[in-house]
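Me: I have a structure open and would like to go through parts of it. Can we take it topic by topic?

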Amino acid sequence: MIDPALPSHMRPDRSFQGLLLALQRFWADQGCVVLQPYDMEVGAGTFHPATTLRALGPKHWRAAYVQPSRRPKDGRYGENPNRLQHYYQFQVILKPSPDDLQDLYLRSLAAIGIDTALHDVRFVEDDWESPTLGAWGLGWECWCDGMEVSQFTYFQQVAGFECAPVSGELTYGLERLAMYVQGVENVYDLNFNGREGAEKTTYGDVFLQAEKEYSRHNFEHADTDMLFEQFRMAEAACAKYLAAGEAGARHLMAQPAYDQCIKASHVFNLLDARGVISVTERQSYILRVRELAKGCGAAWLKTEAGGATA
Amino acid sequence: MPDLLLELFSEEIPARMQAQAAEALRKLVTDALVERGLLYEGAKAFVTPRRLVLAVHGLPGRQSDTREEKKGPRVGAPDGAIQGFLKSAGLASIDQASIQSDPKKGDFYVAVVERPGRPTPEVIAEIVPQIVRSFPWPKSMRWGSGSLRWVRPLHSILCTFGTEVEDPEVIGFEIDGIVSSDITYGHRFLAPAPIKVRRLEDYLAKLEAAKVVVDRDRRKDIILADAKDLALVHGLDLVEDEALLEEVAGLVEWPVVLIGAFEEDFLSIPDEVIRATIRANQKCFVLKDPKTGRLANRFILISNIAARDGGAQIIAGNGRVIRARLSDAKFFWDTDRKGTLEGRLGKFDSVTFHEKLGSQGARITRIARLAQEIAPQVGADPALAARAARVAKADLLTEVVGEFPELQGLMGRYYAQGEGLPAEIAAASEDHYKPQGPSDRVPAAPVSIAVALADKIDTLVGFWVIDEKPTGSKDPYALRRAALGVIRIVLDNNLRLPLLPLLVSATRPILGEAHYASHPHDVFQVGALADKVVSDLLQGLARRILKLTPGADVPVVERTEGQTLSGDVARDLLAFFAERLKVHMRERGARHDLVDAVFGLENQDDLLLIVRRVEALQRFLETEDGKTLLAGYRRAVNILRIEEKKDGERYEGPADARFLVEPAEERLAAMIETVKPQVVEAVAREDYAAAMAALAHLRAPVDTFFEAVTVNASEPQLRINRLKLLDEIRASTRAIADFDRIEG
């Protein structure tokens with residue numbers, strides 16, 4: 001149930017930012033650290049080190065954060081009411097996954113105004129796999145009245161390492177959820193700030209121009225020579241930092257190395273959107289990124305936060 | 001007698017795994033019970049998205065006691081033997097054993113081991129945790145901090161045991177912190193409270209009251225009946241879909257059938273596209289308007305809850321998603337029709353078909369060439385067949401097929417029709433993929449046949465060349481289906497189509513043989529071969545047919561006599577066709593040994609003739625003449641084999657008339673002389689019935705021969721001549737089949 005004390009501009013069914021704040025509030029109440037987005041370009045909230053790296057090792061961890069996510073290929077020049085090359089994911093990671101995770105998830109939906117006495121919420125099989133991260137898990141896509149609104153995953157492996165304990169990961173597609181609770185058909189019509197009249201700012205006011213500009217960039221103008229070079233540089237830097245951080249049983253630079261892995265992954269996505277990577281090459285690029293991710297995962301497990309003992 | 005009720009309550013089990021899991025649970029538990037001497041009267045498993053349930057009816061309260069006599073060593077045996085016996089029999093001292101006397105072996109020890117039967121609940125408490133820990137899920141997972149694996153987190157286990165009249169007991173056990181109980185839970189949203197359960201009857205009733213239909217078949221029945229009723233109310237027919245019904249029955253515990261609508265505008269999209277969109281993305285059913293025979297702008301959805309507002313919001317939400325999906329589909333359909341099929345072909349050059357087999361473009365060129373070659377043999381216009389083959393794959397690059405691969409071919413037909421291409425081309429686009437399964441239609445139009453055969457043969461040859469043949473249960477490229485497709489197309493259309501030349505011809509462009517056929521010197525030097533031949537693959541193949549001469553500076557190779565790469569591949573593939581034909585004919589009641597007998601002859605590559613020959617042979621062998629002749633043939637061959645082995649020589653007819661002394665052997669020789677050309681001639685005009693009839697004339701003379709004549713005569717000349725005569729019997733059957741391979 002939506003908190004009745006909220007002023008109308010903060011209500012999750014009236015305001016995009018209200019929805020986001022309601023989710024943050026809900027998960028803060030569950031003991032999560034509420035983090036800010038990672039300051040790099042990523043394809044999904046999973047790439048944030050707070051998920052990828054923290055999912056590895058024995059230490060308990062609860063975090064929630066919004067992650068702007070870039071999917072260069074999904075750009076539609078602002079012409080498609082449902083597809084964006086930049087959108088927001090709300091990411092929750094609970095390690096170990098609590099027994100009542102499904103229930104917590106459903107309560108979080110209630111907190112943003114989805115009443116399960118009126119709406120048909122379903123858990124439909126969807127096995128998650130990230131070939132670039134060497135990660136996979138089992139879970140569902142969560143449907144609300146036939147629309148996929150979240151991804152629910154129990155991580156089994158990350159960076160090629162078994163997850164023990166297992167993390168439960170929830171990823172909410174914020175725009176879709178907001179469209180649903182606000183009852184709008186076009187993402188650009190979403191009310192962003194919850195105000196009305198002259199004070200109202202829509203999602204389109206904030207992002208439509210950016211969608212057009214980045215679509216041109218992603219599909220037509222992104223400098224592919226530079227990107228190929230950046231990929232090579234990131235790959236080389238990652239390997240270099242991994243080697244430099246080696247200190248016997250410990251590793252001293254897992255996170256800077258992982259940043260380069262993130263970078264390589266995003267550059268690959270851009271090259272892919274530019275259509276300059278053939279089917280065969282595609283696989284080999286994915287494998288190269290995965291190798292980086294594996295190296296970073298191994299390094300992380302040799303750090304304090306990764307559970308290595310002194 | 002008491003019953004067992006077991007429920008494994010978890011988070012949502014994938015729909016596609018449910019039926020199999022229920023069956024596995026039933027089998028594993030009942031097998032384990034029987035193995036431990038606990039026979040039961042009946043067992044039934046149930047499954048919902050959140051629970052696996054098993055009820056075993058009529059179990060004994062405990063195992064029966066067992067008594068076993070264990071024989072031990074002789075009295076006075078060495079101490080080691082005695083100690084070993086005590087240990088294995090579980091005795092403390094030898095006084096506990098009795099002594100038995102045997103007239104032959106003397107006195108020896110016997111221990112009586114009595115095992116009292118254990119109470120059934122104790123046995124079940126042992127069985128269930130083992131089964132849960134090793135359950136055969138196709139994919140399982142861990143969760144939280146535990147190590148137990150289940151398909152999704154397992155939350156509780158209900159396990160009760162007892163008769164109707166008593167209060168059943170809870171069979172107590174614990175698996176990774178989950179303690180068994182008599183508690184279950186109702187519907188996730190409609191009745192989530194815990195429920196105390198006694199046995200199956202009240203379990204089903206209480207869950208029904210708590211909005212859970214435990215029986216999957218009942219959920220299916222409810223969905224189907226309600227969907228049909230609802231369709232009827234709107235004057236429409238439900239488009240039934242068993243696979244979809246199976247799936248949705250696995251997504252709900254409390255099915256509520258609702259109907260929604262979308263804009264009529266979308267009906268300009270082909271029905272199949274609408275159906276695929278609504279089915280794949282939304283798991284909803286579509287409806288047909290009986291007046292037009294086309295789809296109506298309605299859909300049926302199955303909700304998991306009875307909503308407070310009667311489902312208004314659920315219908316609205318689903319409708320919104322369906323509209324968005326149909327908008328995408330309409331956009332794809334409209335976009336696709338802006339271009340032409342043939343206009344897309346250029347792009348295939350940059351699409352990889354398989355990394356070792358090059359681009360789709362190259363493949364299409366090969367198929368077109370092959371279709372053109374096949375065309376005259378199947379009554380199709382060669383140019384039209386080649387064009388149809390080029391167009392046939394073009395829909396793979398359309399947006400609709402990109403989204404719904406299952407619509408390949410069908411969309412090609414729509415687009416070809418829309419472009420006004422010849423009807424044969426439109427038909428070939430759809431039909432060249434056929435037949436897909438045993439119940440699928442076999443193409444019958446000449447152009448479709450040519451393209452379908454060319455497509456399948458190119459696929460087979462390609463994967464044969466790169467050595468990706470099916471092995472065991474693995475057939476990732478569906479090559480068995482492709483071969484069977486060729487067989488069915490040929491047989492159903494009564495086509496006379498020798499395969500070997502086609503296979504050779506199809507192999508050549510893949511191997512690039514044309515290249516070094518025109519540069520014959522290249523193949524004689526491995527170094528040059530490495531440069532000229534495009535891939536390791538070709539080198540590997542080349543090694544199979546080229547003989548290396550060791551020792552030379554530059555390795556010199558020469559071609560193995562009579563071998564070519566394409567011939568090699570084609571012959572190997574033909575053997576695969578023979579295997580598939582055998583399977584196919586066996587399924588239709590033909591004897592596999594007869595197929596072998598016909599394939600045992602050289603160069604059998606005409607499927608239709610092979611089948612006719614097998615059929616004629618089978619009919620012949622069912623007659624008295626056939627049976628007796630086969631017996632005579634065997635007798636002849638047996639004698640020949642023994643004598644040829646003895647003499648180290650092979651005897652071949654014809655027999656020398658000068659040494660035919662007995663009337664019976666004269667008659668046989670004369671008959672062979674008459675029959676042999678008749679058989680050959682009948683086979684040549686493909687009249688196998690006549691060939692068999694001619695062969696039947698040998699029966700009486702062969703019979704008489706064995707009655708009246710001793711093969712192993714004392715005069716060597718007579719003996720050898722008779723052996724030659726026996727070989728004549730063997731030889732005359734050879735025109736029809738290899739009789740050695742006939743069984744029974």
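Me: How many aromatic pairs does a search of the whole structure find over all chains?
Reply: The search finds 35 aromatic pairs. Rings of Phe, Tyr and Trp (its six-membered ring) pair if their centres lie within 6.5 Å; planes under 30 degrees apart count as stacked, over 60 as edge-to-face and the rest as tilted. This is a predicted model, where local features need pLDDT of at least 70, side-chain atom pairs count only at pLDDT 80 or more, and totals for chains, interfaces and linings use all residues. Residues are numbered from 1 along each chain as its sequence is written, chains are lettered from A and ligands numbered from 1 in the order in which they are written, and side-chain values use heavy atoms, without hydrogens and water.

Me: What kind of pair do F16(A) and Y88(A) form?
Reply: A tilted one, with 6.1 Å centre to centre and 35° between the planes. F16(A) is in helix 1 (residues 16-28) of chain A and Y88(A) in strand 3 (residues 86-95) of chain A, so the pair ties together parts 72 residues apart in sequence. Helices (H or I, at least four residues) and strands (E, at least two) are DSSP runs, numbered from the N terminus.

Me: Are F16(A) and Y88(A) buried or exposed?
Reply: Both are buried, where buried means under 20% relative accessible area, exposed over 50%, and partly exposed in between (1.4 Å probe, protein chains only).

Me: And what about the rings of Y105(A) and F152(A)?
Reply: Their centres are 6.1 Å apart and their planes at 80°, so this pair is edge-to-face. Y105(A) has 0% relative accessibility and counts as buried; F152(A), also at 0%, is buried too. Ring pairs link both into a cluster whose members include F90(A), W140(A) and Y172(A).

Me: New topic, helix 3 of chain B. How many of its residues are buried?
Reply: Ten of its 14 residues are buried, so to speak mostly covered. Among them are V123(B), I127(B) and V132(B). What covers the buried residues includes strand 1 (3-10) and helix 1 (15-35) of chain B.

Me: Last one. In which order do the strands of the open sheet in chain B come?
Reply: The order is 13-15-16-14, with antiparallel pairing; two strands pair if DSSP finds at least two bridges between them. Strand 13 (237-238) and strand 14 (256-261) of chain B stand at the edges with a single partner strand each, so one side of each has no neighbour in the sheet. Six bridges join strand 14 to strand 16 (residues 295-303) of chain B.

Definitions and conventions
Contact = heavy atoms within 4.5 Å.
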